[in-house]
Amino acid sequence: RIDVNENERTVYWHGLRLLELDISWLQKIPWVERLRLARNALKVLPQDTGLYLKQVIKLDLQHNELVTVPRCILELPALQELNLSHNRLTKIPDVPQWSPNLTVLDLSHNLLSSLPRSVNAPALRYLNIGSNEFHQVPPSICSLVTLVSLDLSENPDIQALPAEMGKLSALTKLNLKGLKDLSDPPKHLQRECGDCISYLNSKLCNSQ
């Protein structure tokens with residue numbers, strides 16, 4: 001599907017089985033705010049992609065074959081929503097300062113086993129890392145105190161939630177589906193997000 005609408009500042013290059021993203025195409029749409037590149041066959045993005053997406057608010061790259069993404073994607077100044085789900089991501093680049101307005105990040109259904117040591121995303125509210133290959137909750141998540149929704153589902157090797165998650169006091173939704181071996185917090189506390197975070201916060205306080 002191809003749909004380019006300058007009045008609405010949207011570009012849909014969706015389901016075209018694109019193997020690469022030609023920079024010359026991006027040079028023609030400097031006005032784009034919503035860019036959908038989902039359901040293609042992209043394996044890499046040009047390193048200078050970010051130079052031409054300064055106004056992008058929503059970027060949809062789900063259902064491609066990306067193994068990683070250039071740092072510039074995570075630094076886009078206007079970006080609010082980034083969907084990288086259903087790719088082949090094995091690594092997220094280390095970025096000193098993420099997009100300051102990034103609110104929604106979907107990394108689900110990839111091959112990730114870790115995140116950068118520091119994720120400096122001051123506005124992030126919705127994070128999905130479900131259906132990856134995490135053996136533990138990435139420590140950097142525990143510093144994302146603005147989160148209201150966190151999806152850890154279908155990472156079956158996670159056996160415990162870190163006490164540091166008790167700092168996520170704004171969290172109202174926590175998806176733990178498919179974490180069959182999760183033993184801490186106890187099973188009866190895993191059903192409710194509030195109970196879970198309160199337990200972890202208490203554990204954190206007792207350890208200090």
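This is a predicted model: local features need pLDDT of at least 70, side-chain atom pairs count only at pLDDT 80 or more; totals for chains, interfaces and linings use all residues.
- Because Trp-13 belongs to strand S2 (residues 10-13) and Trp-25 to helix H1 (residues 23-27), the pair ties together parts that are twelve residues apart in sequence.

**Cavity and pocket**

- The count of cavities of 30 Å³ or more comes to one, and the largest cavity holds about 40 Å³ of space.
- The lining of the largest cavity is made by Trp-98, Leu-105, Leu-107, Leu-115, Val-119, Leu-124, Leu-127 and Leu-144.
- The largest pocket has a volume of about 260 Å³; 16 residues line this pocket, and the closest to its centre are Lys-58, Leu-59, Asp-60, Glu-81 and Asn-83.
- At least two residues of the lining of the largest pocket come from each of strand S3 (34-36), S4, strand S5 (81-83), strand S6 (104-106) and strand S7 (126-128).

**Two glutamines in loops**

- Gln-62 is placed in the loop between strand S4 (58-60) and helix H2 (71-74), and Gln-62 is buried, with a relative accessible area of 17%.
- Not counting residues up to four places away in sequence, Gln-62 touches Arg-36, Ala-38, Arg-39, Asn-83, Ser-85, His-86 and Asn-87; among these, Asn-83 is also listed with the residues closest to the centre of the largest pocket.
- Gln-62 and Leu-82 are 20 residues apart along the chain, and their C-alpha atoms are separated by 9.2 Å.
- Gln-47, found in the loop between S3 and S4, is exposed, with a relative accessible area of 63%.
- Once its neighbours within four places in sequence are left aside, Gln-47 is in contact with Pro-70 and Cys-72.
- The C-alpha atoms of Gln-47 and Gln-159 are separated by 37 Å, with the two residues 112 apart along the chain.

**Cysteines**

- A disulfide is a covalent bond between the sulfur atoms of two cysteines, and the count of disulfides in this model comes to zero.
- Cys-142 is in no disulfide, and the nearest cysteine sulfur to its own, that of Cys-196, is 12 Å away; Cys-142 is also buried, with a relative accessible area of 3%.
- For Cys-196 the closest cysteine sulfur is in Cys-193, at 7.0 Å, which is too far for a bond, given that a disulfide requires the two sulfur atoms to be within 2.5 Å.
- Cys-196 is buried, with a relative accessible area of 0%.

How values were computed. Residues are numbered from 1 along each chain as its sequence is written. Side-chain values use heavy atoms; hydrogens and water are left out. Helices (H or I, at least four residues) and strands (E, at least two) are DSSP runs, numbered from the N terminus. Buried means under 20% relative accessible area, exposed over 50%, partly exposed in between (1.4 Å probe, protein chains only). Contact means heavy atoms within 4.5 Å. On a 1 Å grid over the protein atoms alone, a cavity is a set of points where a 1.4 Å probe fits but cannot get out, and a pocket is an open set with protein on both sides within 12 Å along at least five of seven lines; lining residues have an atom within 4 Å of a point. Grid points are joined across faces, edges and corners, and a volume is the space filled by probe spheres set on the points.
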